[in-house]
Protein chains: 2
Amino acid sequence: MAVSVVLSLIKELRRTLGRENVLSAHSELVVYECDGYTIEKNRPDAVVFPQSTEQVATVVRIANEHNVPVVARGAGTSLAGGCLPLGGGVVVMLTRMRRILQVDLRNRLAVVEAGVLNLQLARALAGTGYHFAPDPSSQGACTIGGNVATNAGGPHTLKYGVTVNHVLGLEVVLGDGSVLALGPVHNPAGLDLLGVLVGSEGTLAIVTKIWVRLTPNPQDYRTLRVIFDTLDSASNAVSDIIGEGIIPAAMELMDRGIIGALEEAYQFGFPLDAEAILVIELDGPSAGLDRQKEQVVEICRRQGAREVLQAATAQERQMLWKCRKAAAGALGRLSSSYCTQDGVVPRTRLPHILRRIVEIGRAHRVRVVNVAHAGDGNVHPVLLFDERDKEEVHRVLAAGRALLEECIACGGSVTAEHGIGVEKIELMTSLFAEPDLEAMRHVRSAMNPGGRLGPGKVLPSP
Amino acid sequence: MAVSVVLSLIKELRRTLGRENVLSAHSELVVYECDGYTIEKNRPDAVVFPQSTEQVATVVRIANEHNVPVVARGAGTSLAGGCLPLGGGVVVMLTRMRRILQVDLRNRLAVVEAGVLNLQLARALAGTGYHFAPDPSSQGACTIGGNVATNAGGPHTLKYGVTVNHVLGLEVVLGDGSVLALGPVHNPAGLDLLGVLVGSEGTLAIVTKIWVRLTPNPQDYRTLRVIFDTLDSASNAVSDIIGEGIIPAAMELMDRGIIGALEEAYQFGFPLDAEAILVIELDGPSAGLDRQKEQVVEICRRQGAREVLQAATAQERQMLWKCRKAAAGALGRLSSSYCTQDGVVPRTRLPHILRRIVEIGRAHRVRVVNVAHAGDGNVHPVLLFDERDKEEVHRVLAAGRALLEECIACGGSVTAEHGIGVEKIELMTSLFAEPDLEAMRHVRSAMNPGGRLGPGKVLPSP
């Protein structure tokens, strides 16, 4: 970008938002050159911290006048480069818009600014008997705005659905800087733009305010840790449980590689020779749970489960979840860099895809370990590497691509919850026919006419 | 429309679909001049019965060549004129596309053609342990395609959500005749156009095939009929139950007028002096249900319930539901014509809106009786009239408008499940700001470029 344009842009941003809300020094910008997907990097020209929807709209208008891209960013936990400022321009940080504006239990909703942390909302709701259902593994860091941008899921997606199932309304800034209030609460009339906005990764609009549905806390839980000798028997158990008409709150799978990493980091006492662990959680009214649990245990045993452990106390339950949610953290023990993939297949194809992931890793000489929201058919193979080894990075990219293509071949998709970002944009043409992509492009042009919001994300150029 | 255009249109349609699949005689067309909303009528130029997506696409292309509107129609149960062929043109009947293509329990989905009846799918799933959750009161007649077009709800929406929460994929024909397959099953990547298509009332595309999510049947039910002396106490009970963190499967309200009509028609044994009846259904694993039921009963008693009756057998439960679902049929006892409105308010405003409905009816000298999906804050005032009395029809329209405006003033909306159709299009400008409508129009143009799909529906002209 021409230096004169950048200087004018920064001057204008500072004038409107105040000097303290605009970063432009090289040393400051470098922090924003990538997100949780570290393989691609690009530096923005400016980073701004608006504090209201109006300020976001102003930033979009200023960026439009300078013809530069605008990329929204929450906590930057995207694993697909969703916050990568491709082409430079302005990164709009929503982290200072972090007020919980309303909690209304009788109407089962809360109103939050986009920068509110998922965990912050969870804490604010503690004791009310309600919660916000989407609980990504990055729950402690990620923002609700980010959850909306990627239509985030999490372990409890199996029973409770993804973010779009819990969004009642949005306030957004469109590509031309106009502000829309969409469907707050009881507004299902007209064309429902909520669905297309949720998961659009900032390519249609910047979300500033969110009306979320609250879900009553289950009365009770039964949380099981089931150990299997083979990946096959674990994934067959998953499929059998659903086939039986039981929808657990969560069914999480961890493979031997993850078990080893967790064990090394935290000493949970996992058997190191087991090929798979399932964490299965049932929830609902207390009284019905034991029978359901027994059914699940029986199915697991029939599939050859070696050991079934039930969390006896709330604390033990927390511990089981901690070991699952700490998996990402423990990976640092295995490798200096890693890339978490996000494929999804019909759950009956789980045994197949898990076998293929092992084979693909081997063929590309990449070490792969697996966590999965198995109940959803959502696999998260983690590819371990050293980012200083360029040749290895190439092999990681090729292996990632191969395994996502295998997901497509199974009737699945290249993302269940992380989004397309910049990482998977080339795969979109394998996943969709050209008329489908063209229809999406038309809709994008309708809401983001200049194409300056989130360029190079989600939709490949024709 | 010029006679020559109509003749050429019909000739071309007959040539492509076969003579037996095209209606064009006046006596045949008159059947299609309105749907369940009988206040406005208009005759189409032709009615066609395609049997495949390709045939639908062909019809759209032929209509485009003749520059005439295309209106999709299922069973014609719309209560808002959603199937009214405004401006004439071609009505595309989807009722011969009625095959259930697949039932896949392990992946919890079914694939159906748009013309499959809601009840037909329910029957096909009997004994599998799964069901399709949306259950509009018109369940016995309405099609799944119609459910998608209006994003239909029903009594069990309270716990299970509306149609969009149960649609996994769509095959659609866009306004230019191109065919899209959107998101079958595991395709959440890209811009999710499902959300905006569901509920778009045929103004973006014609839906031909639907992948629906299947929901496990609850293990057990507790179904209560609770009689209240006042509407206020009934609606306060609804609000208190939700406030307590209990989400019943359904909470349906019927007022004195409906009770009288039902009693006259079917002799269920309702007390004629009660002002309100709630039908409350709890579902889930058997064992937990009784405690929850006791909580609900206690809340109802606290609000002054006169009588609480529990269905003791599956048959009694069916009977309680029959009396609720038969309400529309019983209305014929009260009046030769009626118009069912569809307002929605935050459920805490239920007592207010029910009082206001009575006042508005009185002010416009229109007899109004009420059924409501009370748990959702969704009221269905039924305005009774004689369609031969033009002056009365005017008063009915004015009263309907007044009560929907009251819903907007309460922070609610003019439709929860019936859609905008032609009936409420003028209210859209009260409900939405101009930039919101403009954004919707942009999206409509993106998918329905010539504007020939469902003209005059949903979005008012700028």
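**Close-up views of a two-chain predicted model**

**View 1. Helix H16 of chain A and its packing partners.** The buried residues of H16(A) pack against strand E8 (167-174), helix H7 (194-197) and helix H15 (428-431) of chain A, and also against strand E8 (167-174), strand E9 (179-182) and helix H16 (434-447) of chain B. Helices (H or I, at least four residues) and strands (E, at least two) are DSSP runs, numbered from the N terminus. The model is predicted: local features need pLDDT of at least 70, side-chain atom pairs count only at pLDDT 80 or more, and totals for chains, interfaces and linings use all residues. Residues are numbered from 1 along each chain as its sequence is written, chains are lettered from A and ligands numbered from 1 in the order in which they are written, and side-chain values use heavy atoms, with hydrogens and water left out. The buried residues of H16(A) are Asp436(A), Leu437(A), Ala439(A), Met440(A), Arg441(A), Val443(A), Ala446(A) and Met447(A). Buried means under 20% relative accessible area, exposed over 50%, partly exposed in between (1.4 Å probe, protein chains only). At 1.5 Å a residue, the 14 residues of H16(A) should span 20 Å, and the end C-alpha atoms are 20 Å apart, in agreement. The expected span is 1.5 Å times one less than the number of residues.

**View 2. The axis relating chains A and B.** Contact means heavy atoms within 4.5 Å.

**View 3. The largest nonpolar core.** This core has 231 residues. Those with the most contacts inside it are Leu170(A), Leu193(A), Ile210(A), Leu170(B), Leu193(B) and Ile210(B). Helix H14 (residues 390-409) of chain B gives the largest share, seven residues. A nonpolar core is a set of buried Ala, Val, Leu, Ile, Met, Phe, Trp, Tyr and Cys residues joined through side-chain atoms within 4.5 Å.

**View 4. Glu281(B) in strand E14.** Glu281(B) lies in strand E14 (residues 276-284) of chain B. Its relative accessibility is 0%, so Glu281(B) counts as buried. Leaving aside neighbours within four places in sequence, its contacts include His156(B), Tyr221(B), Arg222(B), Arg317(B) and Trp321(B).

**View 5. Ala372(A) in strand E18.** Strand E18 (residues 367-373) of chain A holds Ala372(A). With a relative accessible area of 1%, Ala372(A) is buried. Residues up to four places away in sequence aside, Ala372(A) touches Met251(A), Glu252(A), Leu253(A), Asn378(A), Val379(A) and His380(A).

**View 6. Two loop residues with positive phi.** Glu201(A) is not a glycine, yet has a positive phi of about 55°. Glu201(A) sits in the loop between H7 and strand E10 (205-213) of chain A. Glu201(A) is buried, with a relative accessible area of 10%. Asn67(B), also other than glycine, has a positive phi near 55°. Asn67(B) lies in the loop between helix H3 (53-65) and strand E3 (70-73) of chain B. At 55% relative accessibility, Asn67(B) counts as exposed.
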